[in-house]
Amino acid sequence: MNIAITGTGCCIPSISIDNADFSSHDFLNSDGTPFKHANDIVIEKFKAITGIGARRYAENSLNTSDLGFLAAEKAITDAGIDKEELDYIIFAHNFGDVAHGQSQGDTLPSLASRVKHLLRIKNNRCIAYDLLFGCPGWIEGVVQANAFIKSGIAKKCLVIGAETLSRVVDPHDRDSMIYSDGAGATLLEATENGGQLLSHASATHAYEEAYFLFFGKSYDHRAQDHTKYIKMYGKKIYEFAVNNVPQAMKDCLVSSGVGIQDLKKIFIHQANEKMDAAIVQRFYALFNREMPEGVMPMNIHEMGNSSVATIPTLFDMVRKGKLENQQIQKGDVVIFASVGAGMNLNAIVYRV
């Protein structure tokens, strides 16, 4: 018995925000002082490092659970299954539903329960729960779904990764330009002739690294409210990622029994193009090889960083031929890899 991804879907919000839209922002340092450089220079340097030229924001009427529902519908249709056959709905996110113009996250009921409600599933034995694991949440959801199916307690699992980060960013923080909204969904089930999850690895580094990403106050120290926003120590995250993720990817590939020469694609969390490239280059260096051209699909240039949604969205686009010069074929071996708040990291080796 193989455990395969039989359906994928994504919801890419319709509102595109270009870098130029940040030109009038009042960017501040963490101590509240103004930047010494003009915004056009800040934006130019930002794009050179992250690769981001635009990002997608959800329509005001849509919440994270709505995006997840729309992606889930597509994945279920793509897999060609009856939604009542689902045993688990696992929804990976970080902030719950944050309504437009609000600052408080809403997770009651869980977003997974909301998706089940929107899908109009009557089967009470379809278990719906949320997963908080930072940006690697979707991968961890796939790991859990794989375990459920392998153990025999489930046959079909829906794993969703979605976020609306545009609603939890500090407009005075230049890092706000990184974040975006989106959703991706994946259907996993036991098959006789389908793909196969070959190996996986996960880790949480929390001794010194737990608060590299955190919820903090606005950089505008004049603000009188107590609203908090997503914050990060970018340099520390970069160093952590390039020093830890490549080895985790290597360990995962070695345990799969697949040779580095047979690896076709690496679907890495779309966090920062420069960081992602450094991770993959170091990964290949561990095998004394150069990074092959085209091995790392990227959609961050137009989509931004939508946290848990980046990998399932990217995989869906490549799988369905929607990313230029990128494709995968049946039998190809790929790696999914991510790093994020916790600090968590994980990887999966998967035969398509």
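Trainee: Which residues does R56 touch, not counting residues up to four places away in sequence?

Mentor: Some ground rules come before the answer. This is a predicted model, in which local features need pLDDT of at least 70, side-chain atom pairs count only at pLDDT 80 or more, and totals for chains, interfaces and linings use all residues. Residues are numbered from 1 along each chain as its sequence is written, and side-chain values use heavy atoms, with hydrogens and water left out. Contact means heavy atoms within 4.5 Å. By that rule R56 touches I12, P13, S14, I15, S16, S180, D181, E302 and M303, leaving out residues up to four places away in sequence.

Trainee: Where does R56 lie?

Mentor: R56 lies in strand β3, residues 54-57. Strands are DSSP runs of E, at least two residues; helices are runs of H or I, at least four; both are numbered from the N terminus.

Trainee: Is R56 buried, partly exposed or exposed?

Mentor: Buried means under 20% relative accessible area, exposed means over 50%, and partly exposed is in between, with a 1.4 Å probe and protein chains only. R56 has 22% relative accessibility, so it counts as partly exposed.

Trainee: And T227, buried or exposed?

Mentor: T227 is buried, because its relative accessible area is 19%. T227 sits in the loop between β9 (213-217) and β10. Beyond its neighbours within four places in sequence, T227 is in contact with S103, G216, K217 and S218.

Trainee: How do I read a pair of packed helices?

Mentor: Two packed helices are described by the angle between their axes and the distance between the axes. Axes are lines fitted to C-alpha atoms, for helices over the stretch in contact, and angles run from 0 to 180 degrees between N-to-C directions. Take α5 (residues 234-256) and α6 (residues 273-285): the angle is about 40°, and the axes are 8 Å apart. That angle makes α5 oblique to α6. Angles under 35 degrees count as roughly parallel, over 145 as roughly antiparallel, 65 to 115 as roughly perpendicular, and the rest as oblique.

Trainee: What is the handedness of the crossing of α5 and α6?

Mentor: A crossing is left-handed if the near helix is turned anticlockwise from the far one by less than a right angle, and right-handed if clockwise. The crossing of α5 and α6 is right-handed. On the α5 side, the contact includes I237, Y238, M249 and L253. On the α6 side, it includes M275, I279 and F283. By class, the contact has 12 nonpolar residues, one polar and three charged. Ala, Val, Leu, Ile, Met, Phe, Trp, Tyr, Cys and Pro count as nonpolar, Asp, Glu, Lys and Arg as charged, and the others, Gly among them, as polar.

Trainee: How does α2 pack on α3?

Mentor: The axes of α2 (residues 64-79) and α3 (residues 111-119) come within 9 Å and cross at roughly 55°. That makes α2 oblique to α3. This crossing is right-handed. Among the residues that meet are F69, A72 and I76 in α2, and L111, V115 and L118 in α3. The contact of α2 with α3 has seven nonpolar, three polar and three charged residues.

Trainee: Which residues of α3 are buried?

Mentor: They are L111, A112, R114, V115, K116 and L119. The cover over them includes α2, β4 (88-92), β5 (127-131) and β6 (156-164).

Trainee: What is a nonpolar core?

Mentor: In soluble globular proteins, nonpolar side chains tend to be buried together. A nonpolar core is a set of buried Ala, Val, Leu, Ile, Met, Phe, Trp, Tyr and Cys residues joined through side-chain atoms within 4.5 Å. The largest one here has 55 residues, of which M249, I266, F283 and I335 touch the most other members. Elements giving two or more residues include α1 (39-50), α5, α6 and β12 (333-340). The largest share, nine residues, comes from α5. Apart from this core lies another, of 34 residues, among them I3, V142, V143 and F315.

Trainee: Which backbone angles deserve a look?

Mentor: Most residues other than glycine have a negative phi, and most peptide bonds are trans. Phi of R120 is near 60°, a positive value in a residue other than glycine. R120 lies in the loop between α3 and β5, and is exposed at 51%. Phi of N288 is also near 60°. N288 is exposed, with a relative accessible area of 75%.

Trainee: Which residues does a cis peptide bond join at omega of about 0°?

Mentor: L108 and P109. P109 is in the loop between β4 and α3. A cis peptide bond also joins G342 and M343, with omega about -10°.
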